[in-house]
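Have the structure open as you read.

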Amino acid sequence: MARARRGDGPAFDDLVRMTHPGAFTLAMRLMGDEDDARDVVQDAYLRAFRGLKRFRGDARFTTWLYRIVANCAATAQGRRGRHRHDELPDDLGVADDHLDRDPERKAAAGFDRRRVQAALADLPEKLRLVIVLRDVYDLPHEAIAAQLGISETAAKVRLHRARKRLRTVLFPLPEEMEDATEVPIRAVG
Amino acid sequence: MRSAELAVSDHGPSGRRIAGLTCVEVAEVLPGLVDGRTSRHRREDRLVARHLDQCLRCQAEISGYRRLLKALHALRTEVLEPPGGALTGVLAGLAAEAERRAGRALLRGHRVVYLSAVGVAATAAGAGAAAVLVTRRRRLD
């Protein structure tokens with residue numbers, strides 16, 4: 001890390017190799033499309049490379065990088081939807097967890113992930129970005145609101161709608177069974 | 001207190017009114033309630049809690065939200081395999097950026113040398129002109 005910050009190109013390449021799958025995963029969850037996710041990751045690493053001197057080193061590199069990925073995804077979605085957004089403040093990180101470090105969640109992870117991913121990918125972009133940042137990566141409401149350039153209340157409303165849609169699709173009540181359409185499982189990795 | 005079995009037995013289209021709230025009204029707050037977000041009114045929270053205690057349908061619904069949150073949290077720990085060539089593309093992009101940066105640094109260096117040379121030349125010319133002027137003045141004196 002220190003070598004990369006001093007401008008050592010090969011050292012930064014090593015960082016990219018180590019963190020690329022995690023960054024791609026986040027981008028994929030936010031964008032719901034492989035090509036878009038690739039573009040977002042490419043853009044994020046370029047931004048990280050240019051701004052490496054601004055990385056204070058008091059957080060993990062991946063936390064910092066994931067924030068940039070989230071910003072790039074919001075920019076890409078904003079470009080498509082013509083919405084402005086604010087950059088995330090430096091001290092608000094996107095959670096970076098690994099299954100191996102949390103056996104409890106590992107046990108809870110038995111649900112068919114491909115179905116969850118497919119249902120996520122089927123959500124409208126506005127709703128998907130909010131629920132991924134909040135419920136997958138644990139970002140606070142205020143940070144999500146700042147990211148999207150909307151009020152905290154609006155962010156909560158979107159989260160509310162996203163949860164409702166996903167719950168109806170993935171865990172329908174008996175009377176919702178007929179309405180719940182089968183989620184097509186896409187190749188997401 | 002009514003039993004949950006009784007409460008769930010006679011749902012209408014909007015659900016039976018239990019603790020002053022219908023299932024439809026309770027369903028509106030459940031997506032927020034699942035991770036601890038409550039309403040602004042404590043009385044409303046109490047009514048929702050009482051409704052949930054007695055209504056199997058709404059218990060099933062909030063259970064669905066809890067399972068959803070667990071499933072989403074579990075995604076955090078999973079890493080997707082990037083498509084072939086994605087990493088190579090990133091590294092190539094970074095190499096191109098590094099080249100551009102090096103090129104700009106070189107240009108900056110050249111510009112510094114050029115401007116320094118111009119500065120030195122201007123200073124020398126100024127000094128020369130001053131020397132000529134001083135010499136002429138002495139001759140005239």
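A:D14 and A:R17 form a salt bridge, with their closest N and O atoms 3.0 Å apart; the term here means a side-chain nitrogen of Lys or Arg within 4 Å of a carboxyl oxygen of Asp or Glu. Both residues sit in helix α2 (residues 9-31) of chain A, three residues apart, which is about one turn of the helix. Helices here are DSSP runs of H or I with at least four residues, numbered from the N terminus. Over all chains, the rule gives 16 salt bridges.

Before going further, a word on what you're looking at: this is a predicted model, where local features need pLDDT of at least 70 and side-chain atom pairs count only at pLDDT 80 or more, while totals for chains, interfaces and linings use all residues. Residues are numbered from 1 along each chain as its sequence is written, chains are lettered from A in the order in which they are written, and side-chain values use heavy atoms, leaving out hydrogens and water.

Now for where the chains meet. Nine salt bridges cross the interface of chain B and chain A. A:R29 makes a salt bridge with B:E78, and there the closest N and O atoms are 3.4 Å apart. On the chain B side, α2 (23-33), α4 (56-75) and α5 (86-140) each supply at least two of the residues that touch chain A. The largest share, 14 residues, comes from α4(B). By type, that side of chain B divides into 21 nonpolar, eight polar and 13 charged residues; nonpolar covers Ala, Val, Leu, Ile, Met, Phe, Trp, Tyr, Cys and Pro, charged covers Asp, Glu, Lys and Arg, and the others, Gly among them, count as polar.

How many residues take part on each side? In chain B, 42 residues are in contact (heavy atoms within 4.5 Å) with 51 residues of chain A. Together the two chains bury about 4,400 Å², 63% of it on carbon and sulfur atoms; buried area is the accessible area (1.4 Å probe) that two parts lose on being put together, summed over both. In chain B, the residues losing the most area to chain A are B:R76, B:T77 and B:L80, together 17% of what that side buries.
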